[in-house]
Amino acid sequence: MRIIRPVAAAIAVLCSAFLLAAPMGAAQAQPATETLTIDEVLAKEAAAGEIGTQAQTFYYCAVLDGTTGCKSGYPVGSGLVVARLYQYSNFNVTRHGVEGFQIVIYNPRYSVGCTSGTGDNEGRFTISAANRNKINSVKTYHGCDVKLYNGTNFTGSSTPFIDQAANLNVYGFNNSAESVKIS
């Protein structure tokens with residue numbers, strides 16, 4: 001039993017390193033419906049060739065039900081992916097050779113996903129100052145939806161709750177998001 005844990009941990013580290021370094025194809029993905037961790041979402045979409053170019057820059061935000069802000073102390077990869085916010089449209093993080101970023105939002109306590117409906121708070125946060133007004137596409141997972149606001153602390157104009165949007169311009173929200181609500 002003691003040998004299995006270090007071997008499993010080493011395999012997980014190697015798989016994560018491979019996933020973060022591997023370039024990927026350029027097509028749109030549909031939201032995952034099964035229960036997947038961050039690494040499993042990336043691996044599944046990469047294997048299917050269903051995501052745009054793979055980001056070298058990931059920002060991670062752990063959200064918890066009924067709370068505000070990204071929470072510290074939760075390992076990346078714990079719980080379930082709730083959503084990913086991309087700097088560029090069509091879920092890409094490279095445009096014209098310029099490297100972008102994506103924000104991976106996860107709930108470390110989830111094993112099933114979000115509740116149905118949009119009246120609850122399944123986590124919310126203000127995007128870091130360096131990444132505000134730079135989001136152009138959104139993808140959600142596990143029955144979750146996101147609402148974007150063009151002001152910090154959930155103020156200003158907002159989108160409806162979004163399941164997936166390859167181009168936020170359909171909501172008039174390219175390069176406008178400053179805060180995010182999960183439901």
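How many disulfides does a search of the whole structure find? Two, counting a disulfide as a pair of cysteine sulfur atoms within 2.5 Å. We'll get to both, but some housekeeping comes before that.

This is a predicted model, where local features need pLDDT of at least 70 and side-chain atom pairs count only at pLDDT 80 or more, while totals for chains, interfaces and linings use all residues. Residues are numbered from 1 along each chain as its sequence is written, and side-chain values use heavy atoms, with hydrogens and water left out.

**Stop 1: strand β5**

Select residues 102-107, which make up strand β5. Strands here are DSSP runs (E, at least two residues), numbered from the N terminus, and helices are runs of H or I with at least four residues. Six of the six residues in β5 are buried; buried means under 20% relative accessible area, exposed over 50% and partly exposed in between, using a 1.4 Å probe and protein chains only. Show the side chains: Q102, V104 and Y106 point one way, and I103, I105 and N107 point the other. In a regular strand the side chains alternate between the two faces of the sheet.

**Stop 2**

Two strands count as paired if DSSP finds at least two bridges between them.

Zoom out to see five strands in an open sheet, ordered β1-β5-β2-β7-β9, with mixed pairing. The edge strands are β1 and β9 (164-165), each pairing on one side only.

**Stop 3: C61 and C70**

Pick C61 and C70, joined by a disulfide with an S to S distance of 2.0 Å. The torsion about the S-S bond is about -100 degrees, so this disulfide is left-handed. C61 is buried at 2% relative accessible area, whereas C70 is partly exposed at 42%.

**Stop 4: C114 and C144**

Finally, select C114 and C144, where the S to S distance of the disulfide is 1.9 Å. This link is right-handed, with 90 degrees about the S-S bond. It ties together distant parts of the chain, 30 residues apart: C114 is in the loop between β5 and β6 (124-126), and C144 is in the loop between β7 (137-140) and β8 (146-149). Both cysteines, C114 and C144, are buried.

Number the bonded cysteines in sequence order and the pairing reads 1-2, 3-4.
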